[in-house]
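Welcome to this guided tour. Please open your viewer, get your selection tool ready, and follow along stop by stop.

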Amino acid sequence: SLSTEGSKCLLSSEDSDSELTKGHDGHQYIREPLKLEEEIPYLLAPLLLAVTASGAGSTSDRGPSRCVITFVHNVRPVIQSGPMCGLVALSMASGLLHEGRVSPGSQPDALLDFAKANLLSKRGEMFSVEYMLRIAKSQLQCHGKVANADSIGLKTLLETLLENQAILLPYDADKNHSPCLENGHKAHWCLLVGFALVIRTDRCTFDPTYLLECCEANHTIPGHYKLQSNSTSREAFVRKLSSLSQDSSTYLLQSLFVFARHGKSRHLGLWRYGDLVTSNNNLFEVGPHRISGEYVIPEGDIVDGLCSKLLVLYMPKVMFI
């Protein structure tokens, strides 16, 4: 079974109609951007409670005994209509790639029209990472590549997120949208928009203040440090990650949580990255409830189309994965 520590995402039933507005394309958008400073503390609560219990408020020559470093892009949520989780994730990715600007061609229904015209989908379903890449290159005017989540190291993953690149990943979604293992029957798409890095001095071999120098302490929440958003701090943070030993990098990757957006909730998800990858690796077959002929299923089923794959989108100037 997958870990539940820190894996939180409010159910879409919590999404009030008064907080949503329907766009010209028929999809629901949030009227005002969510205030991350209000939502993130709720999501971090399980981790921060553990931090407090371990004495995060106390400091020593090596800094806090346990802390959480976060970085999150404020990406506008879009609620899907029908089985369009992949296309909605692409639409949200467009906002990340283009710094909040979403072109008409990257609206969900425009993406659906392109997918249908090119026989990549019938109802908005996306059972192939390669199909997603083809749509993104045409409609989002970006570059991209398919990668294996298991092969991505800590530095590469975090550097990709810090440089406004979009990482889209298919996984099995549980009832609360967190990663689960259903053999691919609950396949869903999410967009990674940030990370929460848990550091414990009793389990790592480096001084955590080495990384915290790039961060700003949240004085109202003990143990929480926010990576500063300016490019100098981001670049310094990546350089420091690069200098860590392989053992330290492996430890931090195991302690990594990611913030995610998806089409079934206006709220951020916060899940252990290892759980997301494990779920991604179990996408073996389309669920039996998928009626034959109503969806475009790639040759080889989703084990070839989705399993152990993620999509990285980027503007021409930069690429890390």
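What share of the 321 residues of the protein chain counts as buried? It is 56%, where buried means under 20% relative accessible area, exposed means over 50%, and partly exposed lies in between (1.4 Å probe, protein chains only).

Before you click, know that this is a predicted model, in which local features need pLDDT of at least 70, side-chain atom pairs count only at pLDDT 80 or more, and totals for chains, interfaces and linings use all residues. Residues are numbered from 1 along each chain as its sequence is written, and side-chain values use heavy atoms, with hydrogens and water left out.

**Stop 1: the whole chain**

Show the protein chain as a cartoon and you will find ten helices and 15 strands. These are DSSP runs numbered from the N terminus: helices are H or I with at least four residues, and strands are E with at least two.

**Stop 2: strand β10**

Now select residues 187-200, which form strand β10. Because 14 of its 14 residues are buried, β10 is largely enclosed by the rest of the structure.

- Look for I167, opposite L192 in β10.
- Select residues 256-261: strand β13 is antiparallel to β10 too, again through six bridges. L192 stands opposite A260 in β13.

**Stop 3: the nonpolar cores**

A nonpolar core is a set of buried Ala, Val, Leu, Ile, Met, Phe, Trp, Tyr and Cys residues joined through side-chain atoms within 4.5 Å. Select L44, L90, I135, L168, W189, F259 and L313: of the 55 residues in the largest core, these touch the most other members. Helix α2 (residues 85-97) gives the largest share of this core, nine residues. Another core, of 45 residues, lies apart from it and includes I167, L169, L244 and W271.

Zoom in on L44. Leaving out residues up to four places away in sequence, L44 touches V68, T70, A196, H224, F259 and L270, with contact meaning heavy atoms within 4.5 Å.

**Stop 4: helix α5 and what follows**

Select residues 154-162, helix α5. Seven of its nine residues are buried, so α5 is largely enclosed by the rest of the structure. The buried ones are L154, L157, L158, E159, T160, L161 and L162. After α5 comes N164, with a positive phi near 60 degrees.

**Stop 5**

Most residues other than glycine have a negative phi. Click on N183, whose phi is positive, near 65 degrees. N183 sits in the loop between β9 (179-180) and β10, and counts as partly exposed at 29% relative accessibility. Then go to S308, where phi is also positive and near 65 degrees; S308 lies in the loop between α10 (301-305) and β15 (310-314).

**Stop 6: the cysteines**

How many disulfides are there? The count is zero, a disulfide being a pair of cysteine sulfur atoms within 2.5 Å. Select C215: its sulfur is 6.0 Å from the closest cysteine sulfur, in C214, so the two are too far apart for a bond. C215 counts as buried, at 10% relative accessibility.

Definitions and conventions
Pairing = 2+ DSSP bridges.
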